[in-house]
Amino acid sequence: MRVPALAVAALRGHVERFLCAHGVVPGQLREDTELDSLDLVNMLLAALHHVRVAHPWLGRDGAVVEPPEPDPPGLLLAVHRALPAFDAPLTVDACIDALRRASPFVVDDGPCGRRSGPPGVYPYLSLETDEALTRDDLADRVFAVVVDEGWHTEPDRWDAVLAAVVPANAEPTSFEALAPEPARALAGHLLAGRPAAAAAFVTMFGRDTRCFGLRGQGSAADDPFAHGHAWSCYDASGYGSWGRTLVLAATDGLRVAYLDALWDVASE
């Protein structure tokens, strides 16, 4: 498998940000980190796929000539086995080397393009929760994303990333940034009136946490959460379902957690 040199450079950036976000310092042994091994492997595979899609090979007239191949069966286990030993340093180079040994690829300086690749999304397991916010509150609702840096501060990129994570059900899905107070109020509503849990959710990734909600899901009525977001979804055969939902997402750009509620659900 050939991988463009520019894609490998981008891959290194994703791995470096991931390790830094988890407090891994240069020279630190793998056994001394608090990283879940499955999170690390999933990140490496998602990042490799993302950068290959974002840096396609170019042929005559700029045509894409070599789309990425699907991951072969057993690749996740192969990468896990290729990770550095627990008594060895966990470095960017060691992570890239694990990918190259498990899914052999050659770095190629040939011409490649640059486009916006879809975000890589996978369940995130390394989360440390606040005492007020239990793992049960966030069961199956915390994901990591692999995407170009800074997306959560750029309004024209919010929708694509958040829609890949949260079950908003409606197309098109549009999100808006929420100030701390509205975000905390919505979190309190979705967490059954538990203010400590609400405060923990909207700051769960530290001071860089930003919160988002579905555009137009609130109202100016006495109960601002009574209306919600009206959604509908139909398949190719015409079978559909619809209802109302509330969604609150919190992210630091690398991880996304969400709370949601559904009601008035119907189908035909």
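Is Arg-184 buried, exposed or partly exposed, and what is its relative accessible area? Arg-184 is partly exposed, with a relative accessible area of 27%, where buried denotes under 20% relative accessible area, exposed over 50%, and partly exposed the range in between (1.4 Å probe, protein chains only). The model is predicted, with local features requiring pLDDT of at least 70, side-chain atom pairs counting only at pLDDT 80 or more, and totals for chains, interfaces and linings using all residues. Residues are numbered from 1 along each chain as its sequence is written, and side-chain values use heavy atoms, with hydrogens and water left out.

Salt bridges were assigned where a side-chain nitrogen of Lys or Arg lies within 4 Å of a carboxyl oxygen of Asp or Glu. The count by this rule is 11. One of these pairs Arg-184 with Glu-181, at an N to O distance of 2.4 Å. Both residues belong to helix α6 (residues 180–190), where a spacing of three residues separates them by about one helical turn; helices (H or I, at least four residues) and strands (E, at least two) are DSSP runs numbered from the N terminus. Glu-181 is exposed, its relative accessible area being 53%.

A further salt bridge joins the side chains of Arg-2 and Asp-108 (2.9 Å, N to O). Arg-2 is in strand β1 (residues 2–4) and Asp-108 in strand β2 (residues 106–108), so this pair ties together parts that are 106 residues apart in sequence. Arg-2 is partly exposed, at 34% relative accessible area.

Asp-252 and Arg-255 also form a salt bridge, with their closest N and O atoms 2.5 Å apart. Asp-252 and Arg-255 are both buried.
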